[in-house]
Amino acid sequence: MHNENLQLVLSDDTILQISVIHSQNHTSVPDSTSHVIHINQLLNQAASSAAHLDLSGRISKLLKQLGITPNLKGYLYLRQAIELGIQDPSVFDGITKRLYPYIAEKNHTTSTSVERTIRHAIDSVWSKGNKELFWSITQSCTLERPTNSQFIIQLAEYFSDY
């Protein structure tokens, strides 16, 4: 058995290391097509993972800039809600019936707790955070605190257009 190490550099300068293990116990010629298909599947998974991490990182950065700190549970729930809304905007058709229960189940809590902690996080932006940044993102200057739905939908739209 011997290993062959491959290094791929993606367009965003990400470096992928791939180890191919060759077994000498094969009595037939290995099918190179199946190796290519498997490597393509791995590359697609890696690219999808990198894109998700990039989006999650951008959402996290914006939430922090708005004044929502990671020590608030609402920070995590908002990030998840925005990501879900970007992936499937239909979740916004029933935020209290679909989105909150999904996030609650994922985090082993209740829908009521999800709604309350998100509201608290948004309150922190309005009381001592960066409202001006939110206004510049949404291109509106309302003095009233947005509802949870408005806040989540507007940030999801911002990242969808990004």
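Let's start at a loop. Thr147 is found in the loop between α5 and α6. Helices here are DSSP runs of H or I with at least four residues, strands are runs of E with at least two, and both are numbered from the N terminus. Is Thr147 buried, exposed or partly exposed? Thr147 is partly exposed, at a relative accessible area of 38%. The scale is simple: buried is under 20% relative accessible area, exposed is over 50%, and partly exposed is in between, using a 1.4 Å probe and protein chains only. Thr147 and Arg119 are 28 residues apart along the chain. Their C-alpha atoms are separated by 7.7 Å.

A word on the source. This is a predicted model, where local features need pLDDT of at least 70 and side-chain atom pairs count only at pLDDT 80 or more, while totals for chains, interfaces and linings use all residues. Residues are numbered from 1 along each chain as its sequence is written, and side-chain values use heavy atoms, with hydrogens and water left out.

Now the overall picture. The protein has 6 helices and 2 strands. Along the sequence, the pattern runs β-β-α-α-α-α-α-α. The protein has 162 residues, and 32% of them count as buried. Next, contacts, meaning heavy atoms within 4.5 Å. Take the contacts between residues at least 6 apart in sequence: 48% of these join residues at least 24 apart.

On to helix packing. Helix α2 covers residues 73–87, and helix α3 covers residues 95–106. At what angle do α2 and α3 pack? The angle is about 125 degrees, and the axes are 10 Å apart. That makes α2 oblique to α3. Here are the cut-offs: under 35 degrees is roughly parallel, over 145 is roughly antiparallel, 65 to 115 is roughly perpendicular, and the rest is oblique. The axes themselves are lines fitted to C-alpha atoms, for helices over the stretch in contact, and the angles run from 0 to 180 degrees between N-to-C directions.

The crossing of α2 and α3 is right-handed. By class, the contact of α2 with α3 has 6 nonpolar, 1 polar and 1 charged residues. Nonpolar covers Ala, Val, Leu, Ile, Met, Phe, Trp, Tyr, Cys and Pro; charged covers Asp, Glu, Lys and Arg; the others, Gly among them, are polar.

Next pair. Helix α4 covers residues 111–128, and α3 packs with α4 at about 105 degrees. Their axes are 8 Å apart. That makes α3 roughly perpendicular to α4. On the α3 side, the contact uses Tyr100, Pro101, Ile103 and Ala104. On the α4 side, it uses Ser111, Val114, Glu115 and Ile118. The classes for α3 with α4 are 6 nonpolar, 1 polar and 1 charged residues.

Stay in α4. Ala121 sits in this helix. At 0% relative accessibility, Ala121 counts as buried. What does Ala121 touch, not counting residues up to four places away in sequence? Ala121 touches Ile68, Leu72, Gly74, Tyr75 and Leu78. Tyr77 is 44 residues from Ala121 along the chain, with 9.5 Å between their C-alpha atoms.

Ser124 counts as buried, at 8% relative accessibility. Its side chain reaches the backbone oxygen of Ala121 at 2.5 Å. With residues up to four places away in sequence not counted, Ser124 touches Gly67, Ile68, Leu72 and Gly129.

Now some backbone angles. Most residues other than glycine have a negative phi. His108 has a positive phi of about 55 degrees, although it is not a glycine. Where is His108? In the loop between α3 and α4. His108 is exposed, with a relative accessible area of 76%.

Gln139 is not a glycine, and has a positive phi of about 55 degrees. Gln139 is found in the loop between α5 and α6, and α6 spans 148–161. Gln139 counts as exposed, at 73% relative accessibility.

Last stop: Thr138, in helix α5, residues 131–138. Thr138 is buried, at 16% relative accessible area. Its side chain makes a polar contact with the side chain of Ser140, at 3.1 Å. A polar contact is a pair of N or O atoms within 3.5 Å; within protein, one must be able to donate a hydrogen and the other to accept it, and residues adjacent in sequence count only if both atoms are side-chain atoms.

How values were computed. A crossing is left-handed if the near helix is turned anticlockwise from the far one by less than a right angle, and right-handed if clockwise.
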